[in-house]
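The following exercises concern a structure to be examined alongside its sequence. Work through each task before reading its solution.

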2 protein chains.
Amino acid sequence: MPTIRERNKRLIIKTACQVFADKGFAATKTSEIADKAGLPKANIYYYFKSKEALYRAVLDSVIEPLLQANSHIYEQDEPARALQDYIRAKIRISREHADASKVFANEIMHGAPHLSPQHREQLKAEANASVARIQGWVDDGRMAPVDPQHLMFVIWASTQTYADFDWQIMQITGRKKLAAQDYDAAAKLITDMVLKGCEVVPCEA
Amino acid sequence: MPTIRERNKRLIIKTACQVFADKGFAATKTSEIADKAGLPKANIYYYFKSKEALYRAVLDSVIEPLLQANSHIYEQDEPARALQDYIRAKIRISREHADASKVFANEIMHGAPHLSPQHREQLKAEANASVARIQGWVDDGRMAPVDPQHLMFVIWASTQTYADFDWQIMQITGRKKLAAQDYDAAAKLITDMVLKGCEVVPCEA
DNA sequence: GTCTATAGCTGGATAGAC
DNA sequence: GTCTATCCAGCTATAGAC
């Protein structure tokens, strides 16, 4: 029933995510979030008991989409297909959820001081499961014996860089805004490199 | 002969670099820098006119080491050797200058609001030169026709991640601190992947 | 549920003694 | 060149009218 409550909370979280991504937690003023959301500042505090509580809510909202890409590692049985889909999904996230990625990157870079123990465990569990899956393919002789952990780090880093460090990418490519073709080119190169590195043959499409 | 002046400035910049890397600019208190450096806060302001001026000094001190890795792209004529050395150098920087890397990453992630136009140009020029160099190898048929810009982004991202997101790496590897073998494993995997992706044969050593 | 006005504190910056 | 004491801006957070 509290449809207005939910709607406002969502609006505030969404706006806060943009500002936190842009400025970082400490540099963000609650008044700026309020202004961008078109609300008086006190309204923020009516819905969230503190700036930090709001930030935690943003972190929560951000983790689900970021973890969804992992599903491709499980749903596809063929290594080439799985890696290919995974990289594509990660690049899509960098494009469609750049703010979420930045908020998360910021949090991680500073040692995840606001991340709940539950979320830490969840992330670790997801990573470990993906690593185990890749190790399985290696053990079955279906791909070259790469270190699965470092393979994941490379995939994470090279896909997320298109969100987290988009400013640098735009500087160097000379773009005002990254376009579909840029993300496609990135996905292509990363996929190509990873598949060759793992010595698996690409799937069509 | 202001040897004491220089010594103190260096100490303050070095300490500030650590704290800025750990907390980010806005979350850093000058009192914390002072405490860690074993100085009263007013001393900081005797040497630097503001927190922001100190931060800019840190940024300045950080850029040189980060750019040095680029030299390998020019000094080596053979693509395989150059890329190999470049990746190794970048990984070494992630290990030896992790704080510098984090300060810089933070700055870039938020759109480089404190970076001087000179430094922006310098970074862009270095990047463009490296890209041109790689494009030259492609044109000469000495490596596969990869997109040189995206190749650089991948190398940057996957090497810097070992500094910027070391917390995550440690979480997943279960290490308390990354050791030589971790950086070696990373360098090996990244090099392997890049060389295969570029279709150049590795050099010995 | 909304908003104005303001309290209260944190932290950047400085005056001025040594 | 060093340091203590303090000032004051700007921010988070809230009281209280509507």
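**Exercise 1. The interface between the chains**

In this predicted model, 51 residues of chain A are in contact with 51 residues of chain B, contact meaning heavy atoms within 4.5 Å. Residues are numbered from 1 along each chain as its sequence is written, and chains are lettered from A in the order in which they are written. Local features need pLDDT of at least 70, side-chain atom pairs count only at pLDDT 80 or more, and totals for chains, interfaces and linings use all residues, while side-chain values use heavy atoms, with hydrogens and water left out.

Task: describe the area buried between chain A and chain B and the salt bridges across their interface.

Solution. 

1. The buried area (the accessible area, with a 1.4 Å probe, that two parts lose on being put together, summed over both) is about 4500 Å² between chain A and chain B, and carbon and sulfur atoms give 70% of it.
2. The rule finds 2 salt bridges across this interface, a salt bridge being a side-chain nitrogen of Lys or Arg within 4 Å of a carboxyl oxygen of Asp or Glu.
3. A:K196 forms a salt bridge with B:E199, with 2.6 Å between the closest N and O atoms.

**Exercise 2. The setting of B:N70**

Task: determine where B:N70 is found and whether B:N70 is buried or exposed.

Solution. 

1. The loop between α4 (51-68) and α5 (71-75) of chain B holds B:N70.
2. With a relative accessible area of 5%, B:N70 is buried, since buried means under 20%, exposed over 50% and partly exposed in between (1.4 Å probe, protein chains only).
3. Leaving aside neighbours within four places in sequence, B:N70 is in contact with B:Y86, B:E126 and B:S130.
4. The side chains of B:N70 and B:S130 make a polar contact (2.8 Å). A polar contact is a pair of N or O atoms within 3.5 Å; within protein, one must be able to donate a hydrogen and the other to accept it, and residues adjacent in sequence count only if both atoms are side-chain atoms.

Terms used: Helices (H or I, at least four residues) and strands (E, at least two) are DSSP runs, numbered from the N terminus.
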